[in-house]
Amino acid sequence: MDNLKLVYTGKTKNVYALENGNYLLKFKDDVTGTDGVFDPGANTVGLSIEGVGRVNLRMSIYFFEILNKAGIKTHFVSANLDDCTMEVLPARVFGKGLEVVCRHKAVGSFYRRYSDYIEEGADLPAYVEMTFKNDEKDDPLVTKDGLIDLKVMTGEQYDTIKAMTQKITAIVADEMKKRGLELYDIKFEFGYSGDEIILIDEIASGNMRVYKDGVYIQPMDLSELFFA
């Protein structure tokens, strides 16, 4: 990696520029969380788990290949598990970065916000919410109208991202179900290349909550169960 240009240092990945115009993502063993406890929705690195970078990449490869075959556009080009890297297409993010969460169950930050109106663990109908990536402001939620009025995206782009999110989540949930696992929620990021919206970032255990028989599965355990 010494001869590559580092363009971004992230919490769980570093990004390098390639000579062909694409980018190289280097997966780390860091995961987000608070006080040493993993939380996919947290804004800080909470702990390091040896080998988590490699298993996150392995799962990302698995799902990106499925999505590409299904005709869902992503930034995935190729990957190398030995050095924990993934080559991706260049893409611009919406605004200064946007996270999209799809929820099948009322847990985590959703339940903390709306516990007056719903029981913990209650079913949700592939509920989609978007937040601005801003650690200092605790990733504020933003509505469709807010995104349009702030000129972050158009209404048509919002509807496209929501539909893509629900379709991708259904694919991930189905793969989990085949293994006796249940997807509670998952976090995505999208960007655009030209006028085309594509899925970017990763699809990994560190970005989702998955349960088995009502018990939460830790990221490393999830990867082991998924690929068993």
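**Exercise 1. Strand pairing around strand 3**

Determine in which sense strand 3 and strand 8 pair, and over how many bridges.

*Solution.* Step 1. Strand 3 and strand 8 (residues 85–88) run antiparallel to each other and are paired over four bridges. Strands pair here if DSSP finds at least two bridges between them; helices (H or I, at least four residues) and strands (E, at least two) are DSSP runs numbered from the N terminus.

Step 1. The model is predicted, so local features require pLDDT of at least 70 and side-chain atom pairs count only at pLDDT 80 or more, while totals for chains, interfaces and linings use all residues. Residues are numbered from 1 along each chain as its sequence is written, and side-chain values use heavy atoms, with hydrogens and water left out.

Step 2. Within this pairing, Leu 25 stands opposite Met 86 of strand 8.

Step 3. Strand 3 (residues 23–27) also pairs with strand 2 (residues 13–17), in the antiparallel sense and over five bridges. There, Leu 25 is the bridge partner of Val 15.

Step 4. The hairpin of strand 2 and strand 3 has five residues between the strands, and Gly 21 in it takes a positive phi near 95°.

**Exercise 2. Salt bridges and their network**

*Solution.* Step 1. A salt bridge is a side-chain nitrogen of Lys or Arg within 4 Å of a carboxyl oxygen of Asp or Glu. The count by this rule is 14.

Step 1. Arg 103 and Glu 129 form a salt bridge, their closest N and O atoms being 2.8 Å apart. Since Arg 103 belongs to strand 10 (residues 98–105) and Glu 129 to strand 11 (residues 123–132), the pair ties together parts that are 26 residues apart in sequence. Arg 103 is buried at 4% relative accessible area, and Glu 129 is buried at 6%.

Step 2. Asp 185 and Arg 209 meet in a salt bridge with an N to O distance of 2.8 Å. Asp 185 is in strand 13 (residues 182–193) and Arg 209 in strand 15 (residues 208–212), so this pair ties together parts 24 residues apart in sequence. Asp 185 counts as buried at 3% relative accessibility, as does Arg 209 at 13%.

Step 3. Lys 144 is partly exposed, with 30% relative accessible area, and Asp 159 is partly exposed with 39%.

**Exercise 3. Aromatic pairs**

Classify the geometry of the ring pair formed by Phe 110 and Tyr 127.

*Solution.* Step 1. Rings of Phe, Tyr and Trp (its six-membered ring) pair if their centres lie within 6.5 Å; planes under 30 degrees apart count as stacked, over 60 as edge-to-face and the rest as tilted. The structure holds twelve such pairs.

Step 1. For Phe 110 and Tyr 127 the centres are 5.1 Å apart and the planes stand at 70°, so the pair is edge-to-face.

Step 2. Phe 110 is buried, at 6% relative accessible area, whereas Tyr 127 is partly exposed, at 30%.

Step 3. Tyr 62, Phe 63, Phe 226 and Phe 227 form one aromatic cluster.

**Exercise 4. The nonpolar core**

State how many residues the largest nonpolar core has, and list the contacts of Met 176 beyond its neighbours within four places in sequence.

*Solution.* Step 1. A nonpolar core is a set of buried Ala, Val, Leu, Ile, Met, Phe, Trp, Tyr and Cys residues joined through side-chain atoms within 4.5 Å.

Step 1. The largest core has 46 residues, and Met 176 is among those with the most contacts inside it. Helix 4 (residues 155–177) supplies the largest share of this core, eight residues.

Step 2. With contact meaning heavy atoms within 4.5 Å, Met 176 touches Met 59, Phe 63, Leu 181, Met 208, Val 210, Leu 222 and Phe 226, neighbours within four places in sequence being left aside.

Technical notes. Buried means under 20% relative accessible area, exposed over 50%, partly exposed in between (1.4 Å probe, protein chains only).
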